[in-house]
Amino acid sequence: MEIFKADVVIVGGGGAGLRAAIAVAESDPALRIALVSKVYPMRSHTVAAEGGAAGVKLPSDSLDYHFSDTVGGGDWLCEQDVVEYFVARCSAELTQLEHWGCPWSRTADGQVNVRAFGGMKIERTWFAADKTGFHMLHTLFQTSIKYPSIKRFDEHFCVDLVVEEGRAQGVVTIEIASGEFTLIEAGSVIIATGGAGRVFRENTNGGVVTGDGMALAYRHGVPLRDMEFVQYHPTCMPGTGLLFTEACRGEGGFLVNKDGYRYLQDYGLGPAEPTPRNKAMELGPRDRLSQAFWYEQQKGRTIEGPHGSVVYLDLRHLGEAKLRERLPQIYELAEQYLGVDPAKAPIPVRPAVHYTMGGILVDGLCSSPLPGLYAAGECSSVGIHGANRLGSNSLSELLVFGKVAGEEAARFAKSVAPGNTASLHKQAQAVEQRVLGLKTKTGGSERIATLRKEMAQTMEDGCGIYRLAETMQKTCDKLDELKARFRNVNVEDKSSVWNTEWLLAIELEYQLDVAQSMAHSALQRRESRGAHQRLDGFEQRDDANFLKHSQAHYVADGPPRIDYGPVKITKSPPGTRAYGAAGEKAERERKASHA
Amino acid sequence: MSKRRPYVRPMDGWWRKNPYFVEYMIHEGTALFVAAYAAVLLFGLLRLAQGEAAWNGWLLALKSPWSIGFHLLALAAIGYHAYTWFKIMPRTMPPLVVGGKRLPAWAITGGGLAAAGAASLLLFVLVWGLAR
Amino acid sequence: MPEQQKTIEIEVLRYNPETDQVPYAQVFAVPFTDDMSVLQGVQYIKDYLDGSLSFRWSCRMAICGSCGMMINGEPSLSCQTFLRDYYPERVRVEALAHFPIERDLVINMEGFIEKLESIQPYIIPKEARTLAQGEYLQTPAQLNAYEQFSSCINCLLCYAACPQFGLNKDFVGPAALTLLHRYNMDSRDGGQAERMQLVNAEEGVFNCTAVGYCSEVCPKHVDPANAVNLNKTNSAMDYFLRFLAPKGGTK
């Protein structure tokens with residue numbers, strides 16, 4: 001086994017991982033950084049983010065507004081001190097990215113332009129056409145090349161952390177091209193592996209989004225926080241789940257049902273006006289919009305398509321020229337994948353799983369309860385998303401907290417003595433034997449794809465937009481069954497070079513653990529909040545009992561243990577979440593009562 | 001020890017594998033006709049310098065069936081070369097912006113072909129006029 | 001239920017370095033619906049017919065750049081190429097041309113990464129600016145000068161379309177040269193002089209013979225042939241400027 005000695009090892013080469021790597025390199029050029037990614041960094045799923053990144057820009061906007069939109073959007077399950085820290089740093093980070101070359105869209109006088117997104121009082125979404133994540137990721141990747149201290153391990157698959165003397169001291173990886181193992185020793189470890197949306201059937205996520213880092217931390221005793229909160233994005237392609245960005249609605253798109261009626265006005269989001277009004281109608285938050293779809297479906301007012309019920313995203317009134325300029329990728333997706341010209345016909349859409357609000361429990365400095373282990377980005381739960389993430393906050397999160405994680409991990413690495421290579425090596429060899437066992441064992445009969453499909457289906461059935469105890473329990477039971485069947489999994493491919501079947505099996509095991517944490521956290525949250533909505537007697541938010549974070553603890557050979565942690569409230573006591581005209585009225589009343 | 005053994009595919013006959021490459025090779029091949037025709041004209045110049053008899057001999061040779069055949073072939077080949085040359089032209093020049101909008105590729109190709117056609121016609125009319 | 005299921009034959013070029021001396025073709029019968037991409041067809045093979053088939057993929061929406069393959073001899077993103085367009089004929093799938101095959105449909109792209117790293121693909125600021133000073137101003141016209149060239153997803157279809165790269169692996173090639181041009185054209189950047197050395201070099205732009213197929217297959221309309229050919233002009237200018245002003249020009 002190869003051994004590489006680093007000061008900081010980062011698992012995940014997407015937006016957060018790259019930003020962290022640059023932060024370590026800038027904080028001390030002498031630190032050796034190992035950046036491990038199972039794909040070449042520019043393939044990471046940050047690439048698929050479309051709409052934009054939030055940061056206060058306009059004089060009419062304020063940090064307070066960004067804070068309130070975020071905390072209210074998260075249904076008050078946010079760590080408010082962390083949100084305050086976050087909103088104060090977004091614009092500087094986005095400007096930093098501008099200095100590094102990100103091609104932000106501009107106003108006529110050359111300043112960075114901003115657009116509106118759902119749940120946002122004032123326009124504050126920085127964007128690069130409708131390929132913001134793509135441009136951010138490539139900018140970060142290309143900029144990272146400047147720093148000689150960043151040693152990349154591209155197409156290296158992380159199979160475990162090594163924990164010694166009660167702290168994380170490195171990782172074990174497989175070089176995909178050869179199938180060989182490497183131990184990367186480090187003073188600190190940053191996990192930045194992204195979300196876990198692919199545990200669900202219909203999702204917007206890329207194939208790599210399998211919750212690897214979440215599962216690794218979880219198995220080493222770090223709780224996964226708020227895992228029941230999984231965001232359904234309201235406008236996705238039927239069948240594949242591919243995303244039509246919220247910017248479609250930010251630019252003025254309508255959502256209509258089979259009668260051509262803008263149904264959102266029936267769900268407390270009105271009044272319907274011809275041009276977009278912030279925080280109203282199509283610019284409501286994602287959870288509300290996906291829930292409204294569900295009700296329309298119940299009422300029989302959706303359209304039946306080959307991949308289930310759909311509503312229409314109507315962009316026709318925006319005209320071809322504007323669509324080509326502001327939403328070029330959306331235009332092509334609709335044309336190529338659906339054969340729909342969005343300037344001439346409405347696009348059929350339905351909600352699909354998009355984002356994991358919860359993740360590895362970390363404090364505001366990205367530090368997990370396991371010393372030396374840090375996390376940033378979608379895999380982490382730093383506390384800014386609460387029960388429902390506001391669109392455009394995740395891309396900013398990658399930058400703000402990627403940087404924090406990098407700086408903190410660098411500081412920690414410098415404060416600790418080098419690890420004991422011999423005993424780390426011994427641990428790594430045990431990991432190698434265990435992981436190789438998955439491939440070398442014979443006589444298995446379960447197909448990976450079958451288990452994966454059943455998992456994804458049961459997650460959709462039990463942990464969808466609306467949830468019932470009975471179906472959630474079924475999902476929990478089914479996941480137990482799948483975990484048992486996984487022990488009998490069959491990896492046909494015994495070879496070493498590019499054995500992706502073996503890697504799929506490892507990923508599936510990660511996914512099953514993460515899925516369990518989601519299903520059990522969901523079952524035990526007996527209230528409705530944000531993206532977690534129940535229809536079995538717990539339809540209301542219950543602040544008395546559930547204004548707290550769930551924490552799922554891994555239990556070997558059993559369901560996770562769920563306990564709860566407090567929510568930090570600094571300046572915004574839980575209030576009513578209201579949008580549209582009702583929201584404006586509520587805000588006026590709140591202001592009047594403060595005055 | 002790594003079991004990697006990347007396989008490098010041979011490039012033999014690469015240009016036959018894709019119609020686009022075939023077109024490219026024909027384009028390159030037709031350039032020979034441009035060179036050949038330049039040689040014909042240069043030879044004519046040489047004959048002119050050698051006196052009236054030589055010049056008349058060259059003119060006569062041009063009227064032979066072989067020569068006319070060659071001219072027709074060269075016309076076709078050079079026509080094709082010009083067409084494919086203008087087809088690639090938009091890819092080789094900076095964007096042309098007219099009235100705030102980028103000129104589309106077909107307009108550049110079409111414009112180039114039209115200009116070449118017009119220039120040929122002008123030359124033809126001029127020479128025709130001189131010859132009479 | 002989706003529309004009635006049909007079956008299409010997919011012929012895949014297989015290669016496992018541990019068992020095969022040379023690649024060979026294998027045919028699979030894959031049930032498909034009209035909305036299925038070639039990638040989904042290949043995924044079906046892996047999931048249900050032969051788990052050992054290896055290929056790269058991720059986003060499914062033509063932005064991550066992973067899933068490039070030769071489909072009926074044409075470099076294509078398999079996620080945005082549809083089986084319906086080949087049915088009822090057999091569709092042939094092969095690893096991207098001109099790259100070494102690691103296994104099955106997986107190419108070795110280490111050489112490309114080295115090239116990408118060699119072109120200094122980052123802003124070398126023309127003038128320093130602190131974060132407190134805010135963003136560099138860049139008008140939409142200035143953005144427009146390079147935006148198209150910044151849209152490359154590194155899918156490498158252009159290399160698979162470039163016979164000159166096939167014949168000379170040292171050629172920096174379409175995507176990397178385009179990225180170089182993208183930074184040179186950025187109003188914030190002042191690094192052109194440093195990058196021109198690579199443009200002028202033996203492995204630089206003059207390997208290109210204007211075949212133009214790279215731009216034809218580019219799924220993002222980046223037009224790499226344009227970037228490369230504009231740099232032939234830039235390189236020539238650079239050469240003559242050095243003649244005129246040995247100490248001035250662009251170095």
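**View 1. Where chain C meets chain A.** In this predicted model, 43 residues of chain C are in contact with 46 residues of chain A; two residues are in contact if their C-beta atoms, placed from the backbone, lie within 7 Å. On the chain C side, two or more residues come from each of α1 (38–49), β6 (101–103) and α3 (140–147) of chain C. The largest share of that side is from α3(C), with 3 residues. Helices (H or I, at least four residues) and strands (E, at least two) are DSSP runs, numbered from the N terminus. Sorted by class, the side of chain C that touches chain A holds 17 nonpolar, 13 polar and 13 charged residues. Ala, Val, Leu, Ile, Met, Phe, Trp, Tyr, Cys and Pro count as nonpolar, Asp, Glu, Lys and Arg as charged, and the others, Gly among them, as polar.

Residues are numbered from 1 along each chain as its sequence is written, while chains are lettered from A and ligands numbered from 1 in the order in which they are written. As the model is predicted, local features need pLDDT of at least 70 and side-chain atom pairs count only at pLDDT 80 or more, whereas totals for chains, interfaces and linings use all residues.

**View 2. The two domains of chain C.** Chain C is split into domain 1 (6–107) and domain 2 (110–241), with bounds that come from an automatic or database domain assignment. Taken over C-alpha atoms, the centres of domain 1 and domain 2 of chain C are 30 Å apart. Contacts link 15 residues of domain 1 of chain C to 13 residues of domain 2 of chain C. On the domain 1 side, β3 (68–71) and β4 (74–77) of chain C supply at least two residues each, and β4(C) gives the most, with 4 residues. That side of domain 1 of chain C consists of 9 nonpolar, 5 polar and 1 charged residues.

View 3. The open sheet has 5 strands in the order β7-β3-β2-β11-β19 (chain A), with parallel pairing; two strands pair if DSSP finds at least two bridges between them. Because β7 (150–154) and β19 (373–375) of chain A each have a single partner strand, one side of each is left without a neighbour in the sheet. Strand β3 (residues 33–37) of chain A is joined to β7(A) by 5 bridges, and Ser37(A) has Asp154(A) of β7(A) as its bridge partner. Helix α1 (residues 15–27) of chain A packs on the sheet, where it touches β2 (8–11), β3, β7 and β11 (188–191) of chain A, and its direction makes about 175 degrees with that of β3(A). Helix α10 (residues 393–415) of chain A lies across β2, β11 and β19 of chain A, at about 165 degrees to β11(A). Axes are lines fitted to C-alpha atoms, for helices over the stretch in contact, and angles run from 0 to 180 degrees between N-to-C directions.
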